[in-house]
Amino acid sequence: MSDSFQDALTGLAAIVGDKHVIASGSDQEPYVVDWRGRYRGRAVAVVKPGSTAEVASVVRYCAEKQLAIVPQGGNTGMCGAATPDDAAGNVVIRLDRMRTVRDVSPLANTITVEAGCILAEVQSAARDVDRYFPLSLGAEGSCQIGGNISTNAGGTAVLRYGPTRDLVLGLEVVLPDGRVFNGLRALRKDNTGYALKQLFIGAEGTLGIVTAAVLKLFAPPRSSALALLKLQGVEQALEIMARLRGAVGDRLGSLEIMSRSQIEAIAATVPHVTIPFALATPWYLIVELTDTLAGVDLNEPLAAVLADAMEAGLAEDAILASNLAQAKAIWAVRHSVSEGNKRSGYVVSHDSVVPLERQAAFVANVEARIKAAVPHANVVMHGHIGDGNIHVIALIDRARCQDPAATAALVAEINEIVDDETAAQGGAISAEHGIGITNRGRLARVADPLDIELMRGIKQLLDPQGLMNPGKIFGAGAA
């Protein structure tokens, strides 16, 4: 290690303490490799500040010493946005020590938490005061709320509650020069100028480090009903959704779809998950209704809609969960898709969102084109059909991915197919996963040049040195 980097370790330790600076290569391993094992970087140090003041001091120090800053939450992202690159001089900042629930207000339906709080901890703190925080995704036991905000995480409750952006009332953010933006206000209405907090939601740590947030809470669901439907196509799922919305309105909480190939991948690779239904059709739809009133029988209206749907030929079969254990078993399949895909091969993952009316055409076209171009690819799909977001994944035998150049060419070919079809259907290439490293080339290819120009202008204004999470969204060295 050079003398300048050794001095940096000393300077950082002076701010947060020796035991909160990780300099060893082996000890850094969990922090310099992304969750999928796709990207590996290096860092002068992994620093774990314990307060907003310490985060600000660390950022100011890095800015003075020209050290690149890589904010990292739970490191569960899908696009490498929290992984340092291989350049010298990276400092990874983790907020694991900042896990305080600063305030909970059942009256205002708000909770104020530090960014290092695990998502499941936020959900639990809400339950403790008989409230509900609806953000829910497979990694909720390890992802951090700061990372959820920085990626504008989606999850399985977007249909009713919206993405993370819709759940944030206020933010506290350390800017790239170490100043603290204090927008930590629990106001439902605030029209005093630009909504600055929105700049940092979904910015993937390129504009600053979220250190705390005021989040919306809701009355908890006290009644629920869940069913799994077996379908021939996406068209049937959309018609069933329309019927459900007409019959039960906002009680429709979640609508999740999986292809048969997706479930088969889970069954083959995730032994602790049991598939609690027979695989007999190409598509499977999870429908969940919820109500804040206790004792409401939601099984009756759900069963009525499903009976009509089956009579109309929209569903081949329907399983109405008879108890909580059965419902959990069905959800366990849905929440295992990332794990199952990771274990099944080299994953070429996509996060497209298209208008609801175009989903069926998008799914059919993109699957046919991928299979024609790459016959050995196993195309699996899952997603949040109610908000237009279906994940198209090509699973490739790892034995075919030993040559990095050939693999990159294969990935580019598949990406281009998906991007072309997404654009043709009036969609966008990322609904909830973000850009990071994985999608920055795709963004540059498909985005409106004016969008890129405006985003670069914001980046230049807030981070003129280009030190905050470099190489993400725009590419290496972009300010």
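At what angle do the axes of helix 8 (residues 234-248) and helix 10 (residues 299-311) cross? They cross at roughly 145° and come within 10 Å, where axes are lines fitted to C-alpha atoms over the stretch in contact and angles run from 0 to 180 degrees between N-to-C directions. This is a predicted model, in which local features need pLDDT of at least 70 and side-chain atom pairs count only at pLDDT 80 or more, while totals for chains, interfaces and linings use all residues. Residues are numbered from 1 along each chain as its sequence is written, and side-chain values use heavy atoms, with hydrogens and water left out.

- The contact (heavy atoms within 4.5 Å) is made by Ile 240, Arg 243, Leu 244, Ala 247 and Val 248 of helix 8 and by Pro 301, Leu 302, Val 305, Asp 308 and Ala 309 of helix 10, helices being DSSP runs (H or I) of at least four residues, numbered from the N terminus.

**Cysteines**
- The whole structure has zero disulfides (cysteine sulfur atoms within 2.5 Å).
- Cys 143 is in no disulfide, the nearest cysteine sulfur, that of Cys 117, being 12 Å away.
- Cys 143 is buried at a relative accessible area of 2%, buried meaning under 20% with a 1.4 Å probe and protein chains only.

How values were computed:
Helices (H or I, at least four residues) and strands (E, at least two) are DSSP runs, numbered from the N terminus. Buried means under 20% relative accessible area, exposed over 50%, partly exposed in between (1.4 Å probe, protein chains only).
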